[in-house]
Amino acid sequence: MVNWTKIIAPYKKNLLIDLEKLLLIPSVKDLETASPEAPFGQGIQEALNYMLDLGKRDSFITKDVDHYAGHLEIGQGEKLLGILSQRIYLIFGTDEENN
């Protein structure tokens, strides 16, 4: 069996730094800053761009799907690894304010 804890141990510090930077991005739905290039607002687009930039940095092929989603992939043919993730956004305020 693969010992993933041992394999990832040398990368742990940098992974936590990357995660902290992502969590510092205010990725909150903001239709006031929405545009065709940022359909959910600038903060959410900044978070998506950050993750795609990390993928590029780490030699993944990156895909931005019309600014609504993105994915990372590495390899080809039968040895292709794809990483899919979901952006979750939070809406602050009351229901009345967000309608």
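Predicted model: local features only at pLDDT ≥ 70, side-chain atom pairs only at ≥ 80, totals over all residues.
Residues are numbered from 1 along each chain as its sequence is written, and side-chain values use heavy atoms, with hydrogens and water left out.

Let me begin with the strands, which, like the helices, are DSSP runs numbered from the N terminus, with at least two residues (E) for a strand and at least four (H or I) for a helix. Strands β1 and β2 run antiparallel and are joined by five bridges, where pairing asks for at least two DSSP bridges between two strands. They form a hairpin with three residues between them, and in that turn Asp 66 has a positive phi of about 50 degrees. Val 65 stands opposite Ala 69 in β2.

Now to the rings of Phe, Tyr and Trp (its six-membered ring), which pair if their centres lie within 6.5 Å, with planes under 30 degrees apart called stacked, over 60 edge-to-face and the rest tilted. By this rule there is one aromatic pair. The ring centres of Phe 40 and Tyr 68 are 5.5 Å apart and the planes stand at 85 degrees, so the pair is edge-to-face. Phe 40 lies in the loop between α2 (12-23) and α3 (42-57), and Tyr 68, 28 residues away, in the loop between β1 (61-65) and β2 (69-76).

Finally, Asp 18 is placed in helix α2, and, leaving aside residues up to four places away in sequence, Asp 18 touches Tyr 50, Leu 54 and Arg 57, a contact being heavy atoms within 4.5 Å.
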